[in-house]
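Trainee: I want to learn how to read pockets, cavities and charged pairs. Can we work through one model together?

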Amino acid sequence: MLSKNTALLAALAAGTLALSACGGGSDDAGTGSGSASAAAGGLDLVAEGTLTVCSDIPYPPFEFEENGEYTGFDMDLMREIATGMGLELAVQDVGFDGLQSGAVLGAGQCDIGASAVTITPEREANLAFSDPYYDSLQSILVPEDSDIASIDDLAGKKVGVQQGTTGADYAAENAPEAELVQYPSDAEMYAAIQAGNVDALLQDLPVNLGHTEDGAFTIAEELPTDEQYGFIMVKDGSEDLVAAVNEQLTALRDDGTYQDIYDSYFAE
């Protein structure tokens, strides 16, 4: 499990919902919350008896590989949800652009997407979302000695963003004079700022926080956006699956499992 930047993550925790408001390999389901009831009965799943999840990995702390197993905040929640539905869990590593557009789900590659997907009206036109399960902030990551202190300082600078994300949209709208450089994932973005190919990264705060741990980089500014994450499913025909997932999310809230998982990644 990742180590934490406790001061910043504690601040993040205060703004995060306790859920009420708010190619890869396979991974067996672990012990979970809720009853392994008939929740999965009648669901049209990619593989019988299995909840197949697509995710863009790595994107720590939400999804990453550790000791040969997919883990992270999203993955741990998915594992509990699958177990509560009486299902095994399988994880497929896919590109984020194809996931958030609905292409991967529409092709029948997986039943559900779990990859820190922000709920937006544009995405809701093509995807079905679960209840929100996480509040997020955007942020600007810069080298420790950078003179960039806020989004206003990005004019004329090269800023790395992940293609297809709300971070990229936010940068385009709020830093119009920056030169945006799009990358397929955080891994390429972080390598770019390490090599000095970009001056800053604009993306979700928890992900940028993970890059501050060695002291070479710092958060220049946190950017409130009122963004919420949801798990995604196909727009049409997924009503039963959406209801089953939401039922498990409610159970995880009620019995404290969600809070335990949240605290393991984000609390002090």
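Trainee: Which element gives the largest share of the lining of the largest pocket?

Mentor: A pocket is an open set of points on a 1 Å grid over the protein atoms alone, with protein on both sides within 12 Å along at least five of seven lines; lining residues have an atom within 4 Å of a point. Here α9 gives the largest share of the lining, three residues. Helices (H or I, at least four residues) and strands (E, at least two) are DSSP runs, numbered from the N terminus. This is a predicted model: local features need pLDDT of at least 70, side-chain atom pairs count only at pLDDT 80 or more, and totals for chains, interfaces and linings use all residues. Residues are numbered from 1 along each chain as its sequence is written, and side-chain values use heavy atoms, with hydrogens and water left out.

Trainee: What is the volume of the largest pocket?

Mentor: A volume is the space filled by probe spheres set on the grid points, which are joined across faces, edges and corners. The largest pocket has about 230 Å³. Among the 16 lining residues, Asp 44, Val 234, Gly 237, Ser 238 and Leu 241 are closest to its centre.

Trainee: How much space lies in the largest cavity?

Mentor: In a cavity, a 1.4 Å probe fits but cannot get out. The largest cavity holds about 130 Å³. Its lining has 16 residues, including Tyr 59 and Asp 204. The largest share, three residues, comes from β10.

Trainee: Now charges. How many salt bridges does the structure hold?

Mentor: Side chains of opposite charge can pair when their charged atoms come close. A salt bridge is a side-chain nitrogen of Lys or Arg within 4 Å of a carboxyl oxygen of Asp or Glu. The structure holds four. One joins Arg 79 and Glu 69 (3.7 Å, N to O). Arg 79 sits in helix α2 and Glu 69 in strand β3, 10 residues apart.

Trainee: Is Arg 79 buried or exposed?

Mentor: Buried means under 20% relative accessible area, exposed over 50%, partly exposed in between (1.4 Å probe, protein chains only). Arg 79, at 10%, is buried. Glu 69, at 38%, is partly exposed.

Trainee: Which side chain of opposite charge is nearest to Glu 63?

Mentor: Lys and Arg count as positive, Asp and Glu as negative; His and the chain ends are not counted. For Glu 63 the nearest is Arg 79, 11 Å away. Glu 63 is buried and has no salt bridge.
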